[in-house]
Amino acid sequence: MKKKTKRIIEICLLVLFIGYLVLFLIDYNRSKNSEKPLIVINVREKEYDDGTVKEYISLGWIYREYRRETITDNEIAPFWSKIKYDNELIRENEDNLPELEEYEIPSNPDKLAKFRSILYFYDEEELLGTYKCLNSEEDCSIAQNVGLEYDANPYENNSMSIIDKRYVFIDDHRSKNTPVEEPITYLLDLKANRLIAAYEGIRYTTLEEELGHIDNSKYIAKKNGLWGIDQVILGKVTNKIPFEYDYIKYDSNTKLYILKKGNEWFTLNIETNEYSVPFTKQITATYKYDDNYVIGINTTDKDTLKTNYELYNLMGEKIINKENIDYLNIFSNYIVYANNLELHIISYAGDELIAPLKLYFNNYDERWNNIKSFYIEENAEEVKITIPQKNAKERMQNEYYYSTTSWEKTKEHLNVYEAS
């Protein structure tokens, strides 16, 4: 009886083993045709910077679908096996970028930015990564902003910041301080520990605490002697604006880019890919209220130091059709300018909001305790405009009050004595 029972158990185990083997062979053949196992106990999905890996857990094995840029494959593997390239990221970026060399990282107890020819990148106390100069012994550093001729300060060369605790621009020179010096700016992905782009220079979009920042994931860079805009998302670099411009600047007031190509200037809304019409004069500033954009072109005569102000919409139509504007200032929802001793307040569309006010003298500089030609005070419900009648601390002045919603004059006080 015992032998019979043992025989039955052996047969059952053999049948189970054969069935298990047959099931595995079926699933193995199904995997070759990118088909899931017949029996799926659980499904897991893991996300990566460059895609996902989906796992179908069966009876002792796992069927995996790799849908990553690093690896595109299907496999059936034992349940204890690890995901391929689980901690690696191999993205398709620029060709011919140098590989980072292996090197010993010296202890850096003082958390110096550069120690023994190695750059250290910290987020407060956390070490995000390091970089050893590739093209020289020690001529590398965090990249600096490239100042250009048309900048307000062309010599501004602040260092770039570390981006999202992951990316850093690095200036790594060849033959520095020689006639054949060749500056190279690399974009280093600290997470993947690899170079993902190379440029001839980089420009920040905004400056915060003396560090250059980029426009979310977009940045201004130089290739082949011209400027363009690239974007980096999850370790992948793509081109947003071709490298064909002589000058690019970001205006944080409106989130428009100012570009120069040849002798023409444009603005660009990079989110909508809308360009302004071309201008033959340098665009110096942009402004926005609601959906109205205004382009400022300010030119200063080198002999008289007098500035000529011009305002246009994106279609190239003049907002102010007057010459010899002595003063211009842009507020959040209106524009103020002075012309021939008259003060004007207009909308962003160019409509007059109030009747012009008489000015008594021409002075718009408050330095050295000067008395200005007019003063504007704002609060939630009204705008007060004060116009002195002479350039003196003891004076008579006129005061006008307007509603901030309708721009109707609510009151006025004429010939008010002031002794400031």
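**Burial, contacts and strand pairing in a predicted model**

Biologist: In S24, which residue is the bridge partner of asparagine 298?

Modeller: The bridge partner of asparagine 298 in S24 is tyrosine 309. This is a predicted model, in which local features need pLDDT of at least 70 and side-chain atom pairs count only at pLDDT 80 or more, while totals for chains, interfaces and linings use all residues. Residues are numbered from 1 along each chain as its sequence is written, and side-chain values use heavy atoms, with hydrogens and water left out.

Biologist: What makes S23 and strand S24 a pair?

Modeller: Two strands pair if DSSP finds at least two bridges between them. Strands themselves are DSSP runs (E, at least two residues), as helices are (H or I, at least four), numbered from the N terminus.

Biologist: How is S23 joined to strand S22?

Modeller: Five bridges join strand S22 (residues 285-289) to strand S23 (residues 292-300), and these run antiparallel. Alanine 285 stands opposite glycine 296 in S23. S22 and S23 form a hairpin with two residues between them, and aspartate 290 in the turn has a positive phi of about 55°.

Biologist: Why is serine 31 called buried?

Modeller: Buried means under 20% relative accessible area, exposed over 50% and partly exposed in between (1.4 Å probe, protein chains only). Serine 31 has a relative accessible area of 7%, and is therefore buried. Its place is in helix H1 (residues 2-32). Not counting residues up to four places away in sequence, serine 31 touches Tyr63, Asn74 and Ile76 (contact: heavy atoms within 4.5 Å).

Biologist: Why is tyrosine 48 called buried?

Modeller: Tyrosine 48, in strand S1 (residues 42-48), has a relative accessible area of 14%, so it too falls under the 20% limit. Leaving aside neighbours within four places in sequence, tyrosine 48 is in contact with Val53, Arg68, Ile83 and Asp86.

Biologist: What makes the link between tyrosine 48 and aspartate 86 a polar contact?

Modeller: A polar contact is a pair of N or O atoms within 3.5 Å; within protein, one must be able to donate a hydrogen and the other to accept it, and residues adjacent in sequence count only if both atoms are side-chain atoms. The side chains of tyrosine 48 and aspartate 86 are joined at 2.4 Å, so the distance lies within the limit.
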